[in-house]
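This report turns to the nonpolar core, the salt bridges and the surface charge of one protein model. Please keep the sequence and the coordinates at hand while reading.

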Amino acid sequence: LDLAALAPGERVLDLGSGSGTDVFCAALQVGPSGRVVGVDFTDEQIDKATRLRDRDGFAQTEFVEGSIDDLPFEAASFDAVISNGVINLSPVKHRVFSEAARVLRPGGRLGIADIVSGRPLKERTRRNVELWAACIAGAIPRNSYLTTLEAAGFRVGEVRTNDYDFISERALNACSTYGVESISLAAVMEA
């Protein structure tokens, strides 16, 4: 969230919002005059996030069921798009980035934390269910990730490596073999 540099009154979209944690944190930053929308494709997560919103009084938030590669929003309707550890799970990352670019206003910001690799994963690694659950099997090389963002119209600014620890032995082996790491980045939608 710090890389997204959210300000009071802004409109923010969270890709893959889950139970709403990042939406609620963003809502505190944009304040009551702002708007934060979370999009997720699972009914259970949308239901849980909506219950938490209603319980805790986050009136400036909304949760919408949808796919991050086919967003149900008008063009240029957000000031910032955020996402935390979700895009790596999409097999069509280029469409996710194109959709983020479409819904951002010119000059809008993107703040992402995600999992990338140092080199391409072998197909048998990509098919491993445990590695999908660990958010590793969908990782693509860091350079490819950044190039795909730029092809969608973003100018990538700061990129940093996060202190993120995988737990399972299989995940640790994949990290070692493929150079898997967590990164955060900031990008701006070119006008």
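The sections below take up the basis of the model, its core, its salt bridges and a charged patch.

## Basis of the model

The model is predicted, and local features are taken at pLDDT of at least 70, side-chain atom pairs count only at pLDDT 80 or more, and totals for chains, interfaces and linings use all residues. Residues are numbered from 1 along each chain as its sequence is written, and side-chain values use heavy atoms, with hydrogens and water left out.

## Nonpolar core

The largest nonpolar core has 32 residues, of which Leu13, Leu15, Phe73, Tyr145, Leu149 and Phe154 touch the most other members. Such a core is a set of buried Ala, Val, Leu, Ile, Met, Phe, Trp, Tyr and Cys residues joined through side-chain atoms within 4.5 Å. Elements that each supply at least two residues of this core include β1 (11-15), β5 (104-116), α6 (142-151) and β6 (154-161), while the largest share, five residues, comes from α3. Helices (H or I, at least four residues) and strands (E, at least two) are DSSP runs, numbered from the N terminus.

## Salt bridges

There are 14 salt bridges in the structure, each being a side-chain nitrogen of Lys or Arg within 4 Å of a carboxyl oxygen of Asp or Glu. In one of them Arg109 pairs with Glu10, with the closest N and O atoms 2.6 Å apart; Arg109 belongs to strand β5 and Glu10 to the segment before β1, so this pair ties together parts that are 99 residues apart in sequence. Arg109 is buried at a relative accessible area of 15%, and Glu10 is buried at 11%, where buried means under 20% relative accessible area, exposed over 50%, and partly exposed in between (1.4 Å probe, protein chains only).

Arg155 and Glu190 form a salt bridge in which the closest N and O atoms are 3.5 Å apart. Arg155 lies in strand β6 and Glu190 in the segment after β7, so the pair joins parts 35 residues apart in sequence. Arg155 is partly exposed, at 46% relative accessibility, and Glu190 is partly exposed at 39%. Asp2, Glu158 and Arg160 are linked in a salt-bridge network.

## Negative patch

On the surface, Asp43, Glu44, Asp47 and Glu65 gather in a patch of negative charge, and helix α2 (residues 43-56) gives the largest share, three residues. Patch residues have over 30% relative accessible area and no salt bridge, and like charges are joined within 9 Å. Asp43, located in helix α2, counts as partly exposed at 41% relative accessibility.

Key. Patch = residues over 30% accessible without salt bridge, like charges linked within 9 Å, V, L, I, M, F, W, Y side chains within 5 Å. Areas by Shrake-Rupley, 256 points an atom, 1.4 Å probe, with all protein chains shown as cover. Lys, Arg positive; Asp, Glu negative; His and termini not counted. Charge placed at Lys NZ, Arg CZ, Asp CG, Glu CD.
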